[in-house]
Amino acid sequence: MKELLPKQAQDYMERARHVADTAVRPVAAELDRTGDYPWSVIEALREADLMGIWIPEEYGGKGAGVLDLCIVVEELSKACGGIGVSYAVNALGSFPIIVGGTDDQKQKWLPPVASGEKLIAFGLSEKASGSDAGSLRTRAERDGDEYVINGNKKWNTNGNAASFYTVYCSTRPDRGHRGISAIMVEKGTSGFEIGKREKLMGIRCVPVHELHFDNCRVPAENLLGNEGQGFGNAMKTLDRARPGVAAQAVGLAQGALDWAVRYTSERQQFGQSVLSFQATQFKVADLATEIEAARQMVWTAARAIDAGIGNTTKFAAMAKVFATDVAMRVTTEAVQMFGGYGYCTDYPIEKYMRDAKITQIYEGANEIQRLVIGRALTKEAAKATGHLDVKVEHFEEEEASEEVPVGA
Ligand SMILES: Cc1cc2nc3c(=O)[nH]c(=O)nc-3n(C[C@H](O)[C@H](O)[C@H](O)COP(=O)(O)OP(=O)(O)OC[C@H]3O[C@@H](n4cnc5c(N)ncnc54)[C@H](O)[C@@H]3O)c2cc1C
């Protein structure tokens, strides 16, 4: 129901759809095969004035919101999930500066990203610390006017394509996650090497690399905020970015369903189209309904963030969990609806399923999102008053009857 969106968001949707149809669909399969970076699409996005739209106007962006970002990501991902994330990761990489940088830092790093002249990446995860990001080991030590960085990052999306990297390092290992700091590093800095490229199941046009830091010296002014504020910066960033992953998932789900409906409307078995069987009708009806529900959750979470409503963490996590689980279900069912052809690369459908899987894993695996939602509910329950303000009875262990079956 795009008519319910603000005019600006509808305009972004139309422009992104045009880029998806004219610049993404023609190259998606080929880039999936070759793993080449979608530079032609970045150029088309620049021409359509869609790069860096989420960056405030005073730093060269369009001052667009998370809702607008989600809308562009959904449209691109309908055509190719890899290209969707190659775009969205620039928001993930620049949010740390937007939420934690000084005016000088914003002036320095954001305008080239806003114009699409430079790409940016987000370096939090390490080999031994993914979900438990607070245990990261990359070290940054202050030495005069510089930080000296040593350590390694894993799974850096946009890896060698980016020029700027937000790198989370420990400046005080004795303080655990409270000793983490966010530091900007430029490609080409001595002691900073782009390492191994990962071989991925899906989103294959996006380079995901290890990053290596060996006595890498960067100016102390590259520190975002104060020392020790890095973990909070990363969490705030992820809260803003997660609706984008959810939008990628909605796009993948919608793109796969569009293909499945079209295919089954033409595929004839038992003298009629596969789509005309009631079993297929019910299936596509359920999948379309789930996609629409996911989309509404994404838009609601995004609008809440844009409106500056506090405590949107739970809603961003819910949108991410729901939309990415829907994407996995829809893309798997879509392959099934293509039958044997779905398992072959003749049609783009198996790529949707491969691309969708990562959305359940990155920017906080869905198990972690469920923990986030559960913790939020626990806090809300502790604060609940009024009709919920009843005393719950507790029974001593010896009072429990042994005859009561487990789970009753
Ligand atoms: C293609 C790709 C791109 C990525 N891009 C980036 C990027 O640009 N920047 C970046 O910083 N990171 C990136 N990542 C890393 C990604 O965010 C992590 O892979 C993810 O957070 C999970 O961490 P992990 O792989 O170490 O899994 P682990 O943390 O080892 O988890 C393994 C499994 O255990 C589950 N689990 C862990 N803890 C709990 C718990 N407490 N309760 C229940 N279950 C639990 C997890 O959900 C998961 O299913 C990327 C990863 C991939 C694969």
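A residue is near a molecule or strand if its C-beta atom, placed from the backbone, lies within 6 Å of it. The model is predicted: local features need pLDDT of at least 70, side-chain atom pairs count only at pLDDT 80 or more, and totals for chains, interfaces and linings use all residues. Residue numbers start from 1 along each chain as its sequence is written.

The ligand has 21 residues around it, and among these Ser-125, Gly-130, Ser-131, Trp-155 and Ala-365 come nearest. By class, this shell holds 12 nonpolar, 7 polar and 2 charged residues (nonpolar: Ala, Val, Leu, Ile, Met, Phe, Trp, Tyr, Cys and Pro; charged: Asp, Glu, Lys and Arg; polar: the others, Gly among them). At least two shell residues come from each of E1, strand E3 (146-157) and helix H10 (366-383). Helices (H or I, at least four residues) and strands (E, at least two) are DSSP runs, numbered from the N terminus. Because domain 2 (121-228) and domain 3 (232-383) both give residues to the shell, the ligand lies between them; the domain bounds come from an automatic or database domain assignment.

Strand E1 (residues 120-123) leads on to E4, which it joins in parallel through 4 bridges; two strands pair if DSSP finds at least two bridges between them. Ile-120 has Phe-164 as its bridge partner in E4. E4 also pairs with strand E5 (residues 180-186), in the antiparallel sense over 7 bridges, and Tyr-165 is partnered there by Val-185.

In strand E4 (residues 164-170), 7 of 7 residues are buried (20 or more other C-beta atoms within 10 Å of the residue's own, C-beta atoms being placed from the backbone; exposed is 12 or fewer, partly exposed in between). Phe-164, Thr-166, Tyr-168 and Ser-170 point one way, Tyr-165, Val-167 and Cys-169 the other way.
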